[in-house]
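Here's a quick, friendly tour for anyone opening this one up for the first time. Take a look at the sequence and the structure, then read on.

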Amino acid sequence: MVAKQTRVRKKKNRIRKAMPYLLVGPLVIWILLTVFLPLSSVIRESFYSTGFVGTQGDFVGFENYMNVFGSAAYWGAWQKSLLWVVGNMVVQTILAFSVALLLNNNRKISQMARTWMIIPWVIPTIVVAIFWQWILNGSYGVLNDVLLSLNIIGEPLNLLGDSTWSLFVIIFINSWHWFPFLAVILLAGLSGIPKELYEASAMDGANKWQEFWKITLPSLQHTTFALGLVGTLWMFNIFDLIHSLTEGGPAGTTTTVPVLIYQEAFESYNLGNASAMSVVTALFLIMFAVLFVRFAAPKD
Amino acid sequence: MKLFKWIYGIALVLLIAFPFYWVAISSFKLPDQILQADFWPKEWTLQHYNELINATPYLTNLRNSLFVSFGTMIITTALVVPASYAIYRMEFKGRKFFYYLILATFIFPTMLLLVPVYNLMSGVNLIDNLWSLIIINVTFAAPFATWLMSGFFKSIPPSLDESAAVDGAGQLRILFQIILPLIAPGLATIAVYSFVVSWTEFAFASVLISSEANQVLTVGMNQIMGQYTVRWGWTTAGGMLTVIPVLIFFGIVGKYFVRGLTEGSIK
């Protein structure tokens, strides 16, 4: 009788110990199978001369990596990717911060705006592409029509087909898609700043501008750190908007790294090279993440 | 200053709303007037909507998208809630490791995974199967959802599960009967988040699905846009029909979602 009780208690204890693993296990296994297992196959493929997806090439050692490091297209794509990430961060930070500051009050209209302004973020990228392609169209877009009738321009602009402007135009469109999300997160951070801080600085005679740099920004450091890290990676990885607006053109001026990897794998049918590109890219991103965490993490 | 604020506010509203207005208004114009930049249709027509529903696989796409999005939503929530409960409220060996493992998914470009996930899915015979999209969308939604849950779990005092444990309530009962009702807003937030991730996904949907019968809305829209570049009537109507379900969904849950996003991300 006593022995049976201790056995039951032991069993209960074992379940208790195993419980956290049982709870976290399914998600961890899911991620191992869908992220880390595929990643290991990317690393493997990067040493093979595989062409078509689904075929099997020969082992070629580091040849693919030599190709990637010597590829002007790959480094050119990095240049565009850097411009893309920085451009997006700048435009979105300005838009999101100004919106967040504008709506950081308890007025009814601000509360409503908080909910509805996020709509651009919840619609599919492909629809975002349709919206702006329709507005910016070089032959009959409404933007051209308005600019022409106001005599601001003499002939229609084809912004998305222009090799100087297309990347900047897509940065703008992508910012339109993403800044509401950033603004909501920033608003959350703003609402967490104690009012007393502002009252104290108002007594010291600080103006709005000083207030922003001395109180608002430092109080948001946890939020801006998280957004800086996650946002950079998110922006870097954007593929579908660029692909559906310009397919990397005109003349490769919007071919960022993800677009190039896609083209290499699914249009040039060079899976080996695409895999090597992926591995090199991932290493750079990991480096970025590590450095960012080390140097930009909030001190406290 | 006040005037400037108002002007800036109105400019922002225009920036956000004008594309919606313009596409909506265009989709009701007659085919021979759609290319003219009238800000109000001379005559209204439902012709494009009619054609879109009858001549393109829009309805099939919609059904597939709903299936994938709701599937992703249910599975993400079911996986993330227990996992984040363990991570944020239990002490065990490897806790930090599992936490970083889940968040590390952020680092890898989704593009990297396109080819190997294709191979993986063809290995288990899930190519051209909607479940392959559910599986991969859960993967993309889960890390941020886990991160979001931290705020909700941290706002519950630890003494609560301790006193429940003293009462002799089992760990699972604590989670389901005491914690779950308290994190309901968080639950709603990650549910909406995973729905949106899935609803907007395009790259994997275009590679993993090959037959028209299994296409989702984003891919279907891309084809309508590609095949009929001249048919702006269909494209704008299709754009509206893709947005409207999200708007309805958001009209119902949007307030809670934004509030949850706010609460989850500050603590």
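Set aside neighbours within four places in sequence, and Thr232(A) is in contact with Val85(A), Met89(A), Leu227(A) and Phe288(A), where contact means heavy atoms within 4.5 Å. Thr232(A) sits in helix H11 (residues 221-236) of chain A; helices here are DSSP runs (H or I, at least four residues), strands are runs of E of at least two, and both are numbered from the N terminus. Thr232(A) is buried, at 15% relative accessible area; buried means under 20%, exposed over 50% and partly exposed in between, using a 1.4 Å probe and protein chains only.

Keep in mind that this is a predicted model, where local features need pLDDT of at least 70, side-chain atom pairs count only at pLDDT 80 or more, and totals for chains, interfaces and linings use all residues. Residues are numbered from 1 along each chain as its sequence is written, chains are lettered from A and ligands numbered from 1 in the order in which they are written, and side-chain values use heavy atoms, with hydrogens and water left out.

**Chain B at a glance**
- Chain B has twelve helices and zero strands.
- The C-alpha atoms of chain B fill a box of roughly 75 × 60 × 30 Å along the principal axes.
- Of the 267 residues in chain B, 56% are buried.
- Take the contacts in chain B with a separation of 6 or more: 71% of them come from residues 24 or more positions apart.

**What the UniProt record says**
- For chain A, the unreviewed UniProt entry lists "transmembrane region" at residues 21-43, 82-103, 115-135, 165-191, 212-236 and 276-297; positions follow the numbering used here, feature names are shortened, and annotations may be inferred rather than shown by experiment.
- In the model, residues 165-191 of chain A are 96% helix and 0% strand, with end C-alpha atoms 38 Å apart.
- Residues 276-297 of chain A come out at 95% helix and 0% strand, and their end C-alpha atoms lie 31 Å apart.
- For chain B, the unreviewed UniProt entry gives "transmembrane region" for residues 7-25, 66-88, 97-118, 130-153, 174-196 and 232-258.
- Residues 130-153 of chain B are 100% helix and 0% strand, with 33 Å between the end C-alpha atoms.
- Residues 174-196 of chain B are 96% helix and 0% strand, and the end C-alpha atoms are 30 Å apart.

**Aromatic rings**
- Over all chains there are 54 aromatic pairs, counting rings of Phe, Tyr and Trp (its six-membered ring) with centres within 6.5 Å; planes under 30 degrees apart are stacked, over 60 edge-to-face and the rest tilted.
- One of them joins Trp78(A) and Phe284(A): the ring centres are 5.2 Å apart and the planes at 70°, so the pair is edge-to-face.
- Trp78(A) belongs to helix H3 (residues 72-103) of chain A and Phe284(A) to helix H14 (residues 271-296) of chain A, so this pair ties together parts that are 206 residues apart in sequence.
- Trp78(A) is buried at 12% relative accessible area, while Phe284(A) is partly exposed at 31%.
- Ring pairs also link a cluster with members from both chains, including Trp116(A), Trp178(A), Phe144(B) and Tyr193(B).
- Arg44(A) has its charged end over the ring of Tyr48(A), 4.7 Å from the centre; to count, NZ of Lys or CZ of Arg must be within 6 Å of the ring centre and within 35 degrees of the ring normal.

- Helix H5 (residues 110-123) of chain B has 14 residues and should span 20 Å at 1.5 Å a residue; its end C-alpha atoms are 19 Å apart, which agrees. The expected span is 1.5 Å times one less than the number of residues.
- H5(B) bends by about 35° at Pro116(B), the bend being the angle between axes fitted to the seven residues ending there and the seven starting there.
- Among the buried residues of H5(B) are Leu113(B), Pro116(B) and Val117(B).
- Pro38(A), in helix H1 (residues 2-45) of chain A, is buried at 1% relative accessible area.
- Beyond its neighbours within four places in sequence, Pro38(A) is in contact with residues including Leu113(B), Pro116(B), Val117(B) and Leu120(B).

**Positive phi in two loops**
- Asn125(B) lies in the loop between H5 and helix H6 (130-154) of chain B, has a positive phi near 60°, and counts as exposed at 67% relative accessibility.
- Tyr269(A) is in the loop between helix H13 (257-266) and H14 of chain A, has a positive phi near 50°, and is partly exposed at 42%.
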